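Hi,

Here's the structure I said I'd pass on. Have a look through it first, and then read my notes below.

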Amino acid sequence: MAISNIAVRGSTGLTLYQSESPYDPVSKFPSDVSSTCKFMLFSPNGKHFAWINNSKVVIVKTSDWKTIAEVDYPKAAQLAYSSKGTFLIVYEPFMTTPSNPKGSPNVHILKTADGQLVKSLEYRDYKLWTPQWSSDEKICARFLNGDVLFYENSNFDNIVHRIKGLKLNNYSISPGNQPLNILCFIPAKSGPSNGRLFQYPDFSTIVANKSFFQADRVEIFWNQKGTASLMLTSTDVDKTGASYYGKQGLHLITSKGDTSQVIVNKEGPLYNAAWSPSSNEFCVIYGFMPAKATLYNLKCDPIIEFGTGTFNAVYYNPFGNILLLAGFGNVQGNAELWDINGKKKIKKIEIPDTTFLQWSPNGKHFVTATTAPRLKVSNGYKIWHYSGALLHEKPWGKDELYQVVWQNYPQGTFKAPNIVHKAVEGIASSQPIGKLF
């Protein structure tokens, strides 16, 4: 059985650790002790790892942790991978100078295998800079001035299809197998805004359309099969003065053409929504504190009520049999772990000052971290068992921790854990509680 690894990046550089006992550094990994590491990312299948160090983008193979490319990008600020990890995308902020008033292409598509440049694109606006790929990578799309441009078979010099004239504010390609669905958000000019679903490459036929009157922007959440999507709509300001958060709504749209609004039974903001990996149900956290958490089916009917608590975030483990409800930010940190199949709470734990949480690919463990700049003191990370036991903690002392991420692994590497409600043996935390900035 594979032992999952966890990468950490802070003011003292970047290191890879085993996420299970003895929690040692991975000896073959070329740790980067530079304080100029800006960003790091594993490929979706976990076979490659990349990070930004000052003027370079470094790519390594995770099979032996050998460096396969170091590419010069002095302004590199962020990275992304294509859906299968074939391509690594490097983002640099768009800039103009007196000597170059028109600017230069600032989004670069590289071959992950060797770091060779495939195509450079220009994105003046940071919004939606990341190209999107279908799950098989046969189709790639990018956003440009309210339109969506499509390429096929990694030929980025030939635009084969285009969604034009709708002045989109957002779009998203469905995951999963074909047929490929494209969900577009069209903000209101006069009248309602619309969420409009198309099936690639027919953009003259609308598969489904959902209208909403109060929506300046939308977050899009697909289920893993790509057959249904949630749209969390919001306005910048609630003109009625009833809510600090602005007016919000949660809407479901499916590839069968069905649309509906998710009705919640507690007033207040909609904090978070997440699909189960089964793709057949989703959890929503909503309402003034203490917030409610409810599980809904594809008909938007509530099927499990998790009660109320100081929650504003929801996380499924990769297999969907454990649900974690958590409270971050202004909500003092705590978490509840639920056995979904047994419809039973496993444990409630305290996770104060947590700024980041992520499940391990094995579905048994999760990591919580206290990171800068959100928190300036007591930085570090902790590894937990789903039963609520704290297994390991790594304090960062007076240094700052910026980023923590599990290594991804190919599908089928791990099996779903059998849920046992008895806590495993853990440790007591030695970390003090920091102060939010």
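Cys300 sits in the loop between E25 and strand E26 (302-309). Keep in mind that this is a predicted model. Cys300 isn't a glycine, yet its phi is positive, at about 65 degrees. Most residues other than glycine have a negative phi, and most peptide bonds are trans. Is Cys300 buried or exposed? Cys300 counts as buried, because its relative accessibility of 10% falls under the 20% cut-off.

Lys343 also has a positive phi without being a glycine, in this case about 55 degrees. You'll find Lys343 in the loop between strand E29 (334-339) and strand E30 (344-350). Lys343 is exposed, since its relative accessible area is 57% and the cut-off is over 50%.

Now for the cis peptide bonds. One joins Ser21 and Pro22, with omega at about 15 degrees. Pro22 lies in the loop between strand E2 (13-18) and strand E3 (37-42). Another runs from Met289 to Pro290, and its omega is near 0 degrees. Pro290 belongs to the loop between strand E24 (281-286) and strand E25 (291-297).

Back to cysteines: how many disulfides does a search of the whole structure find? It finds 0. Take Cys184, which is in no disulfide: the nearest cysteine sulfur, that of Cys140, is 15 Å away.

Cheers

Note on methods:
Residues are numbered from 1 along each chain as its sequence is written. This is a predicted model: local features need pLDDT of at least 70, side-chain atom pairs count only at pLDDT 80 or more; totals for chains, interfaces and linings use all residues. Side-chain values use heavy atoms; hydrogens and water are left out. A disulfide is a pair of cysteine sulfur atoms within 2.5 Å. Helices (H or I, at least four residues) and strands (E, at least two) are DSSP runs, numbered from the N terminus. Buried means under 20% relative accessible area, exposed over 50%, partly exposed in between (1.4 Å probe, protein chains only).
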